[in-house]
Amino acid sequence: MDEDDVSVLVASLLRGDRRALARLITLVENRPRLRDRIMSLIYPYTGNAYVIGITGSPGSGKSTLVDKLTGELRTRGKTVGIIAIDPTSPFTGGAILGDRIRMLSKSTDEGVFIRSMSTRGSLGGLSRAAYDAIALLDAFGKDFVIVETVGTGQAEVDIVDAAYTSIVVVTPDMGDEIQAIKAGILEIADIFVVNKADLENVDATVMALQMMLDLSDKGDWRPPIIKTVATKGVGVKELLDAIERHRAYICETDRIEKMHYKRSKVRILEIVRSKLMDKLIRELENSGELDRIVKCVVEKKMDPYSAADEILRKLDKK
Amino acid sequence: MEEEKKIRVIIAKPGLDGHDRGAKIVARALRDAGMEVIYMGLRNTPEQIVETAIQEDVDVIGLSILSGAHMALVPRVLELLKENGVEDKIVLVGGIIPKVDEEKLKEMGVAEIFGPGTPTDKIVEFIRQRVGEIRKR
């Protein structure tokens, strides 16, 4: 696989070949050098898809909701790309990606392309590969791209940064847990979904969210709370209507341009950071410099901050 | 950064039997061996399996069948792969497959068949070796 093969694959993707799309996602995930080339070829064709992020605790019904939301989008004539992200085991590097089980009926729909990805644990790795996969689905011509992540930590918050509309899914049985997670992922919600709304305590959950929203300041968009029973498709239409309202809201003024500016900046800096770190670490390891400095710290001849400064001074000299 | 590609595998259960213990054990073993396993659950159609294999760009398609319908389901999967121009995937079958059928399935293009009691290490080893050979090409 070289740069010429990549150009051929990109041309196939732009012609609508899903096998080329699948192969290119694999390449951006695994081959940093080819990735840069792929992304520069693809970039002019991106910017048409509307990206929706869905996050929530394990078992809250995200995958089922994505499945039903996709069904609703399809009845409205839209094509959909789905990126379902599951955690990588930090011990073995392996992963079981099971989100597709809830989306089987969409597997053979030509208007839908589903890709499972694992977090792969590396710094920034999750967000970058997923960003790149979004761009590929966008260039492929999907009207909507839905990114599904388990909402438990910082990395997932990053990925929702790629979305224009972020949805946080909670369930009635969470009770006081809502209080516990509010400091984390709740702030990112543009829309709340209370799924499994046929269980008891729905109204208490809705009220807890309302009270939280009363206390928070989200500008002039107050996140709506939509009750759904994803397994039965209840509330899914209302959810998509809410997404369309939020889309109209951010497109109304120059909000979306500001969003693009801010995100492009964050993205560029993130890429610079990771490339710089990769390069620096490689050089330090190859020269044995890192080993020498680490030993100095272990032997208490130097403190970690001075050690870091010494490394940074080498950067200045270049 | 080293350029290393993770092995990706689909574990699917075509047909109607509900015995997924074996499929789950294999899925876990492969995960623990550092692979990314797309687990498809029960009652998959050959069409769903092949389309998933394409979209997920997997190296290996693992089919678990205990219903006895393997001589209908497996050839259909192989046929669909061919129809879609997909020829670089390793197809493995697990479950209760009589010896006489084993040979026929292998002739059709199944890479290997793992019956009950196969140590999971053996499956891991087989996949690593085959994927390595294909990638070298």
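**Where the two chains meet**

Author: Strand 3 of chain A and strand 2 of chain B run parallel and are joined by 3 bridges. Please keep in mind that this is a predicted model.

Reader: Which residue of strand 2 of chain B is the bridge partner of Ala95(A)?
Author: Strands of a sheet pair through backbone hydrogen bonds, in a parallel or an antiparallel way. Here the two strands run parallel. Within strand 2 of chain B, the partner of Ala95(A) is Glu36(B).

Reader: Which strands stand at the edges of the sheet, each with a single partner strand?
Author: The sheet is open and has 6 strands, paired in parallel, in the order 3(A)-2(B)-1(B)-3(B)-4(B)-5(B). The two edge strands each have a single partner, so one side of each is left without a neighbour in the sheet. They are strand 3 (95–97) of chain A and strand 5 (112–114) of chain B.

Reader: Which residue in strand 5 of chain B does Gly94(B) stand opposite?
Author: Strand 4 (residues 90–95) of chain B pairs with strand 5 of chain B in the parallel sense, over 3 bridges. Opposite Gly94(B) stands Phe114(B).

Reader: Which element of chain B gives the most to the side that touches chain A?
Author: Across the two chains, 25 residues of chain B are in contact with 28 residues of chain A. Helix 1 (21–32), strand 2 (36–39) and helix 2 (46–56) of chain B each supply at least two residues of that side of chain B. By class, this side has 10 nonpolar, 6 polar and 9 charged residues. The element that gives the most, with 7 residues, is helix 2 of chain B.

**Inside chain A**

Reader: How many residues of strand 4 of chain A are buried?
Author: Strand 4 covers residues 112–118 of chain A and is largely enclosed by the rest of the structure. Val112(A), Ile114(A), Ser116(A) and Ser118(A) point one way, while Phe113(A), Arg115(A) and Met117(A) point the other way, and all are buried. The count is 7 of the 7 residues.

Reader: Which residue stands opposite Ser116(A) in strand 4 of chain A?
Author: Strand 2 (residues 80–86) of chain A pairs with strand 4 of chain A over 7 bridges, in the parallel sense. The residue opposite Ser116(A) is Ala84(A).

**A helix in chain B**

Reader: Which residue takes a positive phi just after helix 3 of chain B?
Author: Helix 3 (residues 70–83) of chain B has 14 residues and spans 19 Å from its first C-alpha to its last, close to the 20 Å expected. Just after this helix, a positive phi of about 70° is taken by Gly85(B).

Definitions and conventions: Residues are numbered from 1 along each chain as its sequence is written. Chains are lettered from A and ligands numbered from 1 in the order in which they are written. This is a predicted model: local features need pLDDT of at least 70, side-chain atom pairs count only at pLDDT 80 or more; totals for chains, interfaces and linings use all residues. Two strands pair if DSSP finds at least two bridges between them. Helices (H or I, at least four residues) and strands (E, at least two) are DSSP runs, numbered from the N terminus. Two residues are in contact if their C-beta atoms, placed from the backbone, lie within 7 Å. Ala, Val, Leu, Ile, Met, Phe, Trp, Tyr, Cys and Pro count as nonpolar, Asp, Glu, Lys and Arg as charged, and the others, Gly among them, as polar. A residue is buried if 20 or more other C-beta atoms lie within 10 Å of its own, exposed if 12 or fewer, and partly exposed in between; C-beta atoms are placed from the backbone. The expected span of a helix is 1.5 Å times one less than its number of residues.
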